[in-house]
Amino acid sequence: MATRAVYPGSFDPLTNGHLDLIERSLRIFDELIVAVVTNPAKSALFTDTERMEMIREATRSFRHIEIMVFEGLLVDFVRKVGAGAIVRGLRAVSDFEYEFQMALMNRKLREEVETVFLMPHEAYSYISSRLIKEVAGYGGSVTGLVPPGVERRLTEKFGRR
Ligand code: PNS
């Protein structure tokens with residue numbers, strides 16, 4: 001039976017750390033659905049469509065991957081797409097508490113869905129979408145930390161200084 005996993009997140013925007021995790025996941029699972037959360041209550045820098053496009057662009061050469069938007073409970077989406085696992089990245093111990101709570105809550109909601117944690121390459125362990133936005137917003141360089149398409153869009157949003 002093919003193993004299908006969901007990699008959920010805000011991806012606002014996609015970083016090279018996310019991309020590294022996508023590649024690692026594709027080595028483990030037969031199919032990966034990258035699920036971009038849409039949350040009207042949370043203001044994102046990029047729209048759902050922009051966030052999806054950036055992922056699509058950066059993963060164009062990858063096979064067995066699908067990019068989708070989801071709303072509502074993650075476990076409901078996981079069931080809807082027939083996946084058995086949720087992939088999340090752990091960069092450092094500081095990620096652990098929040099991730100542990102989410103994994104256990106998701107297990108409480110739907111016991112059959114397993115959360116699998118993968119570690120990105122250590123070169124990406126300090127990268128987060130929040131910091132990328134902050135640095136790019138003040139005109140700093142994010143070259144090598146995000147895919148080229150994401151860098152271009154950040155420059156378009158913030159302008160170059
Ligand atoms: O990239 P992020 O912001 O860390 O991703 C968080 C995400 C999207 C995985 C999480 O907020 C989520 O699952 N949201 C959907 C709503 C939900 O299921 N909440 C309960 C999770 S325990």
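Is Asn 16 buried or exposed? In this predicted model, Asn 16 counts as buried because its relative accessibility is 12%, and the limit for a buried residue is under 20%. Asn 16 belongs to helix 1, which spans residues 16-28. A polar atom of the Asn 16 side chain lies 2.8 Å from the backbone oxygen of Gly 144.

The loop between strand 1 (4-9) and helix 1 contains Pro 13, and Phe 11 lies in that loop as well. Two features of the backbone were found here. The peptide bond that joins Asp 12 and Pro 13 is cis, with omega at about 0°. Phe 11 has a phi near 50°, a positive value in a residue that is not glycine. Most peptide bonds are trans, and most residues other than glycine have a negative phi. Phe 11 counts as buried because its relative accessible area is 2%, against a limit of under 20%.

A positive phi also occurs at His 64, a residue other than glycine, where the value is near 65°. His 64 is placed in the loop between helix 2 and strand 3 (65-70). With a relative accessible area of 48%, His 64 is partly exposed, since the exposed class begins over 50%.

The ligand has 13 residues around it, and those that come nearest are Gly 9, Ser 10, Gly 72, Leu 74 and Arg 88. Ser 10 places a polar side-chain atom 2.6 Å from an oxygen atom of the ligand. For Leu 74, a polar atom of the backbone is 2.8 Å from a ligand oxygen. Arg 88 contributes a polar side-chain atom at 2.9 Å from an oxygen atom of the ligand. The ligand taken alone exposes 540 Å², of which the protein buries 74%.

The largest pocket is the space that the ligand takes up. By residue class, the shell around the ligand consists of seven nonpolar, four polar and two charged residues. Helix 4, formed by residues 93-109, gives the most to this shell, with four residues.

Ser 43 and Asp 12 are 31 residues apart in sequence, and their C-alpha atoms are 10.0 Å apart in space. Asp 12 is the residue joined to Pro 13 by the cis peptide bond. Ser 43 is located in the loop between strand 2 (31-37) and helix 2 (48-58). Ser 43 counts as exposed because its relative accessibility is 75%, and the exposed class covers values over 50%.

Phe 117 is part of strand 5, which covers residues 114-118. At 31% relative accessibility, Phe 117 counts as partly exposed, since that class lies between the buried limit of under 20% and the exposed limit of over 50%.

Conventions: Residues numbered from 1 in each chain as written. Predicted model: local features only at pLDDT ≥ 70, side-chain atom pairs only at ≥ 80, totals over all residues. Heavy atoms only, no water. Near = heavy atom within 4 Å. Polar contact = N/O pair within 3.5 Å; in protein donor to acceptor, adjacent residues only side chain to side chain. Areas by Shrake-Rupley, 256 points an atom, 1.4 Å probe, with all protein chains shown as cover. 1 Å grid on protein atoms, 1.4 Å probe; cavity = no way out; pocket = protein on both sides within 12 Å on 5 of 7 lines; lining within 4 Å. Sits in = over half its atoms within 2 Å of the grid points. Helix = DSSP H or I, 4+ residues; strand = E, 2+ residues; numbered from the N terminus. Nonpolar A, V, L, I, M, F, W, Y, C, P; charged D, E, K, R; others polar. Buried < 20%, exposed > 50% of the residue type's maximum accessible area, 1.4 Å probe, protein only.
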